[in-house]
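Colleague: I'm new to this one, and I'd like to know what stands behind each term you use. Could you show me the structure and let me ask as we go?

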Amino acid sequence: MKKQLEEITIHSFRGIKDLELSGLGRINLIVGPNNSGKTSILEAISYYCNPMNPIKIYEIADRIGVSNYRKNQESLKWLFPHPDRSKDYPYFYGEIEITSSGKYEVFKATASLERRQIIYGYNEKIEQGVDNNRLVPGQETLTGSELNLSSFVSRPGLKSINNINQDTNEFHAKFVFRDNKDYQHDPDKGYHHLPCNLLSPSMTHNTDDYFVEKLSETIKNNGIQYLMDVLKILDPDITDIEIMDTRARVYIKDKKNDFSPIGIYGDGVKRGILFALNLSLIPGGIFLIDEIESSLHTTVLQKVFTWLVSSCKKLGIQLFTTTHSLEAIDAILTATRQSKKTDIVIYRLKKDKDGTTSAKRLDTENLSILRNELGSEVR
Amino acid sequence: MGRNYALFGVEGPHDQAFISRILRKLLGFKSFKGNFNGLEDKIWEYFIPNYDKSANLYKRLNMPSILYNDDISVALWCDEGINGLKINLPLKLNYWDDSYREALTAFGLFIDADEANPVDIVTDYSQIYQSLFPNFPSTPGEVDTNVIKTGIYVFPDNSNKGILETILIDCGKKKFPQSIEFAEEFLNNVNSTKELTKPDLKEFGKPFGCDKAIVASMASILKPGKTNTVSINDNEWVSEDTRSILKDVIRFIKEILDL
């Protein structure tokens, strides 16, 4: 069965240039030294799944966490490749470009970012609401960024999309962001996208509101069983999970205690909860997990990953994950081999001397030989 | 340390012990003793095995022998079985960081002819390894002297049928001639008894089974209770007295390592 992504090429995204990941599997492991671009690949895929949504791009950029002050602009520009700027136009930050093949209708997405010193006068239509104040020409110099997003679709007219010619297979949109102003995004216009979630290790520290929101959606989408299955692996005494009290918080019940707030549980339990909450909301989509082994004790790796691989298969999800752990690789490999017709591919990244990133690929069979028969290092 | 690096692939622990002993006793190399912190040549870390606990826990994993002098460090990678040097090692080399593989100054294979024509065997290996080392030769015993020297030695002598034990017996006949004679006599006597059944003699009856048994018989005297590998490693099969028997192998090693 064709996967959403059979092959993806990151032509430019942050520090990655012309990286081709061909022969993608249902389960994709990305390994390599520190700073080789593993997390950047997940971020690139996350962007590619929602190439016309500027809020998603900001969410990706915010993970970089440059600063809180002016974080929107500062974070955003570091997603772009920053080419050598010409003397004539120093404010262009370069272009992101990604292409792919597979079941996903989008086969190419681009984004460019330019800084603007004077944006628009009030007579000019602002593509996306910057704020509700009308701009008075000449009275103030405005600074901000213009984000241009494009996606190219292989099946034009697939959906009825507002304001888009159904015969076209190209979609373009421009978004303007003023410095130090919150961005207000119009409702989704129905551009082609893939359900996708990106999970980073730090998310175990997310607020209660985040867990409540995700759990509510999971319950609505009948995904609670996935959550209970993984919780029982992490702590067999856990019997239930609910949203309770007047402030709407997540509580977990176990055999020894009554309901206790999620905050008192360790990062391992929260990590398992995040796995389940995120994947149950993206059937048929892409699940991106950074440092999959994070917060998980070695004794639960095999069971958790067996559950994860099986759940991804049931929900038709394609998984991309980074790891530094050989134990995690072995556990995922074993889980994949136990799951019929599920393939795993590993890509080991390397930053070459000229700054480009290359990848060595192993399929299921060869990864098994190197690990099971030779005990070979594959990271 | 600024050494050059060479990687040899061999078919079994006997071959590993044999080449190791030649390097140590006849060519002056020292042996890495196994202390990770003492491994000066980090290029070989890729070959240090890491157990996969979900795999067969009784399966022995390959740890190469590492020998060195001031100028060159040699790793002897041993992989038994049909897939060993034809599938597993090429796969491992393909996945290796290109910069490390390109840092090799020599790559060689040591294999048995068994009952095949050495030229036919080498053709198979050449086709496999030329994707990694484009100048890998197709002639047994030949060393290609391009940027990375490559070659394949087919026991016993790149021309005839046989195995490593064929050379070892020749060495044994030089070093312990009477003992070898007694060993051969012993095996002839055992073979002629009616005590041992066909299943008992299955391995002995295979091509070169008798040669292996002669070496094992000697090893049981030289190193009682130990394996052939230990005997090959520790005893005088390879010594100054048998240097003349080993001249072809020594010539190949010296040429490929540029000694």
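Modeller: Gladly! Let's begin in chain B, where the centres of domain 1 and domain 2, taken over C-alpha atoms, are separated by 25 Å. A word on the source: this is a predicted model, in which local features need pLDDT of at least 70, side-chain atom pairs count only at pLDDT 80 or more, and totals for chains, interfaces and linings use all residues. Residues are numbered from 1 along each chain as its sequence is written, while chains are lettered from A and ligands numbered from 1 in the order in which they are written.

Colleague: What makes these domains of chain B?

Modeller: The bounds come from an automatic or database domain assignment. Domain 1 of chain B is 4–161 + 243–257, and domain 2 of chain B is 164–242. Their contact takes 18 residues from domain 1 of chain B and 16 residues from domain 2 of chain B; residues are in contact if their C-beta atoms, placed from the backbone, lie within 7 Å.

Colleague: Which element gives the most to the side of domain 1 of chain B that touches domain 2 of chain B?

Modeller: Helix 1 of chain B does, with 10 residues. Helices (H or I, at least four residues) and strands (E, at least two) are DSSP runs, numbered from the N terminus. That side of domain 1 of chain B has 9 nonpolar, 2 polar and 7 charged residues. Here Ala, Val, Leu, Ile, Met, Phe, Trp, Tyr, Cys and Pro count as nonpolar, Asp, Glu, Lys and Arg as charged, and the others, Gly among them, as polar.

Colleague: Why are strand 2 and strand 6 of chain B called edge strands?

Modeller: Chain B has an open, mixed sheet of 7 strands in the order 2-3-4-1-5-7-6. Strand 2 (30–31) and strand 6 (143–144) of chain B each pair on one side only, and that makes them the edge strands.

Colleague: How do you know that strand 5 and strand 7 of chain B pair?

Modeller: Pairing requires that DSSP find at least two bridges between two strands. Strand 5 (residues 104–112) and strand 7 (residues 149–155) of chain B are joined by 7 bridges and run parallel, so they pass the cut-off for a pair. Ile111(B), for example, stands opposite Val154(B) in strand 7 of chain B.

Colleague: And in chain A, what makes strand 12 and strand 13 a pair?

Modeller: Strand 12 (residues 286–289) and strand 13 (residues 318–322) of chain A share 4 bridges in the parallel sense. Ile289(A) has Thr321(A) as its bridge partner in strand 13 of chain A.

Colleague: Which residues touch the most other members in the largest nonpolar core?

Modeller: Ile45(A), Leu288(A) and Ile332(A), in a core of 163 residues. Domain 1 and domain 2 of chain B both give residues to this core, so the core lies between them. A nonpolar core is a set of buried Ala, Val, Leu, Ile, Met, Phe, Trp, Tyr and Cys residues joined through C-beta atoms within 7 Å. Buried asks for 20 or more other C-beta atoms within 10 Å of a residue's own, exposed for 12 or fewer, and partly exposed is in between, with C-beta atoms placed from the backbone. By that count, 40% of the 379 residues of chain A are buried. Not counting residues up to four places away in sequence, Ile45(A) touches Ile8(A), Ile286(A), Leu288(A) and Phe320(A).

Colleague: How many residues of chain A are in contact with chain B?

Modeller: 16 residues of chain A, which meet 15 residues of chain B. Helix 9 of chain A gives the most to chain A's side, with 6 residues.

Conventions:
Two residues are in contact if their C-beta atoms, placed from the backbone, lie within 7 Å.
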